[in-house]
Amino acid sequence: MLPAEIIKRFRVESGKGFKLSYYDPDGTSGIVIGKKDAKELLETGVKRLSKLQERLYAEGKWAILALLQGIDTSGKDGVIKHVLSGVNPQGCEVHSFKQPSSLELAHDFLWRGAVALPGRGRIGIFNRSYYEETVVVRVHPELLEKQNVPSKLVTDDIWKQRYQDINNFELHLARNGTVPIKFYLNISKEEQLERLLARADDPDKRWKFSLYDVAERKLWDKFIAAYEDTISHTATEHAPWYVVPANHKWFSRLVVAAVLVERLEALDLQFPKFDEASVAALAKAQAALREEEKALKR
């Protein structure tokens, strides 16, 4: 597990003076280890996460909402696959947000995220999220036209208003027991190029290759600017962002796992405790089962 002082470096609770350029996508906080050691370290975190998820599920009061954002090829799918590998599927759900459907376009921009929220006792993972509305839609303003928002409401303040809506929405979640944890997987333009080429070159990964990703790469600067503005306006104490160095997949997975463990531990989750009457009833039930067991062995 990564220590708290390392995790703290990536946490953004206030957007004042925030710049993505301050965060090195190639950084590993001075940690230099091989793949085997990184795998073992991650396994330790995953085991701890699994135990905490069991407590979360048993207590049934809190919910965790982890949002994964990042430029194409930043490693969102890999984080989900490796960090949640040991979590009980019954207490975890993953939602991938792609091009909105006609039903989703008929509602406000937060609607499809709201209906996918995890219930109490569960961990919800959003692979992309409602933040696409302040990033992709901002880079591609033609997408905003498809949302059929009344024209008089589409002003120069629309992005500022959406930031306010998101902040209010996340505050509402936090006040009602759903903990928003937001990750921006931060890769460099050079690393993205290497990953795109690797997909194209490897027959087993070629299915992941998309000409759309190549086209979007040409808009790199616009996407980075949109993300920077989004993070700076939506980083709050109750719903912080974690700007995770993602050039090294092993390190980004360690960071995400460590953050989830840290945030779950902060909830002081407890297994339900029995009162005296319940203990007595349990003892009676145990005694009856023991008698049944003895009878079967005769």
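## Helix packing: H8 and H11

Axes are lines fitted to C-alpha atoms, for helices over the stretch in contact, and the angles between N-to-C directions run from 0 to 180 degrees. In this predicted model, helix H8 (residues 158–175) packs with helix H11 at an angle of about 45 degrees, and their axes are 9 Å apart. H8 is therefore oblique to H11, and the crossing of the two is right-handed.

From H8, the residues that make the contact are Tyr163, Ile166, Asn167 and Glu170, and from H11 they are Ala226, Asp229, Thr230, His233 and Thr234. By residue class, this contact of H8 with H11 divides into 3 nonpolar, 4 polar and 2 charged.

## Helix packing: H6 and H11

Helix H11 (residues 220–234) also meets helix H6 (residues 132–139): their axes come within 9 Å and cross at roughly 150 degrees. Angles over 145 degrees count as roughly antiparallel, so H6 is placed in that class relative to H11. H6 and H11 cross in a right-handed sense.

On the H6 side, the contact is made by Glu132, Thr134, Val135, Val136, Arg138 and Val139; on the H11 side, by Lys222, Phe223, Ala226, Tyr227, Asp229 and Thr230. These residues of the contact of H6 with H11 comprise 6 nonpolar, 2 polar and 4 charged. Ala226, Asp229 and Thr230 of H11 are listed in the contact with H6 and also in the contact with H8.

## The sheet

The model contains an open sheet of 6 strands, ordered E1-E6-E5-E2-E4-E3, with mixed pairing. Strands E1 (11–12) and E3 (92–96) each have a single partner strand and stand at the edges, so one side of each is left without a neighbour in the sheet.

Within the sheet, strand E2 (residues 63–70) and strand E4 (residues 123–127) run parallel and are joined by 5 bridges. Leu67 has Phe126 in E4 as its bridge partner. Helix H3 (residues 76–83) lies across E2, E3, E4 and strand E5 (178–186), and runs at about 145 degrees to E2.

## Aromatic pairs

The count of aromatic pairs comes to 9. One of them joins Phe97 and Phe126 in an edge-to-face arrangement, with 4.7 Å centre to centre and 65 degrees between the planes. Phe97 lies in the loop between E3 and helix H4 (102–105), whereas Phe126 lies in strand E4, so the pair ties together parts that are 29 residues apart in sequence. Phe126 is thus both the bridge partner of Leu67 and a member of this edge-to-face pair with Phe97.

Methods:
Residues are numbered from 1 along each chain as its sequence is written. This is a predicted model: local features need pLDDT of at least 70, side-chain atom pairs count only at pLDDT 80 or more; totals for chains, interfaces and linings use all residues. Side-chain values use heavy atoms; hydrogens and water are left out. Two strands pair if DSSP finds at least two bridges between them. Helices (H or I, at least four residues) and strands (E, at least two) are DSSP runs, numbered from the N terminus. Contact means heavy atoms within 4.5 Å. Angles under 35 degrees count as roughly parallel, over 145 as roughly antiparallel, 65 to 115 as roughly perpendicular and the rest as oblique. A crossing is left-handed if the near helix is turned anticlockwise from the far one by less than a right angle, and right-handed if clockwise. Ala, Val, Leu, Ile, Met, Phe, Trp, Tyr, Cys and Pro count as nonpolar, Asp, Glu, Lys and Arg as charged, and the others, Gly among them, as polar. Rings of Phe, Tyr and Trp (its six-membered ring) pair if their centres lie within 6.5 Å; planes under 30 degrees apart count as stacked, over 60 as edge-to-face and the rest as tilted.
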